[in-house]
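Let me put the thing up on the screen, and then I'll talk you through it.

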Amino acid sequence: MRIDVVSIFPEYLAPLELSLIGKARQDGILDLHVHDLRSYTTDRHRTVDDTPYGGGAGMVMKPEPWSQALTAVAEARPGHGGKPVLIVPSPAGERFTQALAHELAVEEHLAFACGRYEGIDERVIEWAGDHFDVRPVSLGDYVLNGGEVAVLAMVEAVGRLLPGVVGNPESLVEESHSDGLLEYPVYTKPAVWRDREVPAILLSGNHGKIAQWRRHEQFRRTSERRPDLLEVFDAGKLPKADRLALQELGYDIVDGRPVRRQGTAEPAG
Ligand code: ADE
């Protein structure tokens, strides 16, 4: 996969040289290029922003440097497939999820346009649609100073799904959000630490029981911490043990979705 990132702070993307993503680049799995937006300016001051039409606080990123930078990125497209995907990190975008990470991980070419200040002139986003499949994407309902931190998160989430990046691909299967539920709790040695014992079932050697316990913990945690995930969880074809686990936690399955039984307490937290 090729990834291009355009930013006025290319140094912000330095962590992408480290750890698994850094190794994926060395191994040729990920061909990642970071571009300084200012190198696409033509004036002496390398200007990338200006005051907003209509007034208001802050500055807006000028269209011209962006069109130059994005044209260069579009022309660097490997192969002859469809349009590259251009992610524009923005708190006003669609939510970034594990499902979107999987969708992006099969693309040949991703580009990221890191806005700063109040954002990029909207005409750039419209124009870019001629060359890219443009997707404004938000990391969550909070505001960052710019897109760079969001790009670090998204490149890591997508990059680790590329074949060969995570050593044991099984660890991608049993993790939070891979099946719409949160991950079960994990423990390692010693079996007793500061008077706290590892749940006895995990020492039993009974792998069927362990799997059942872990599944129950997934439902319990999701119910406690992220009831919104359970509301949309597809419980239509669940095995009996899973249905029982949900019932024990106070849920009935109605039209294939877990629904909290009347009279059961809201989960803590
Ligand atoms: N830029 C500023 N805030 C952001 C957010 N929440 N997600 C993605 N990009 C952003």
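Predicted model: local features only at pLDDT ≥ 70, side-chain atom pairs only at ≥ 80, totals over all residues.

Residues are numbered from 1 along each chain as its sequence is written, and side-chain values use heavy atoms, with hydrogens and water left out.

So, the sheet. We have an open sheet of five strands in the order E2-E1-E6-E5-E7, with parallel pairing. The edges are strand E2 (31–36) and E7, each with a single partner strand, so one side of each has no neighbour in the sheet. From one strand to the next, the twist averages 25 degrees. On terms: helices (H or I, at least four residues) and strands (E, at least two) are DSSP runs, numbered from the N terminus, and two strands pair if DSSP finds at least two bridges between them.

Now look at strand E1, residues 2–7, which pairs with strand E6, residues 109–113, in the parallel sense over five bridges. Val-5 has Phe-112 as its bridge partner in E6. E1 also runs parallel to E2, with six bridges joining them, and there Ser-7 stands opposite Asp-36.

How buried is E1? Six of its six residues are buried, so E1 is largely enclosed by the rest of the structure. Buried here means under 20% relative accessible area, exposed is over 50%, and partly exposed is in between, using a 1.4 Å probe and protein chains only. In a regular strand, side chains alternate between the two faces of the sheet. In E1, Arg-2, Asp-4 and Val-6 point one way, while Ile-3, Val-5 and Ser-7 point the other, and all are buried.

On to the ligand. Which backbone atoms sit by its nitrogens? There's a backbone N or O atom of Leu-139 at 2.8 Å from a ligand nitrogen, one of Leu-144 at 3.0 Å from a ligand nitrogen, and a polar backbone atom of Gly-140 at 3.2 Å from one. The cut-off for a polar contact is a pair of N or O atoms within 3.5 Å; within protein, one must be able to donate a hydrogen and the other to accept it, and residues adjacent in sequence count only if both atoms are side-chain atoms. Taken alone, the ligand exposes 260 Å², and the protein buries 96% of that. Strand E5 (85–95) and strand E7 (133–138) are the elements giving two or more residues to the shell, and E5 has the largest share, three residues.

Next, the hairpin. Strand E10 (residues 251–254) and strand E11 (residues 257–260) pair in the antiparallel sense over four bridges, with Asp-252 standing opposite Val-259 in E11. Two residues lie between the strands, and Asp-255 takes a positive phi near 50 degrees.

Buried or partly exposed? Gln-212 is partly exposed, at a relative accessible area of 46%, whereas Gln-218 counts as buried at 8%. A polar side-chain atom of Gln-218 is 3.1 Å from the backbone oxygen of Leu-182.

That's my tour, thanks!

Note on methods
Areas by Shrake-Rupley, 256 points an atom, 1.4 Å probe, with all protein chains shown as cover. Axes fitted to C-alpha atoms, helices over the stretch in contact; angles between N-to-C directions.
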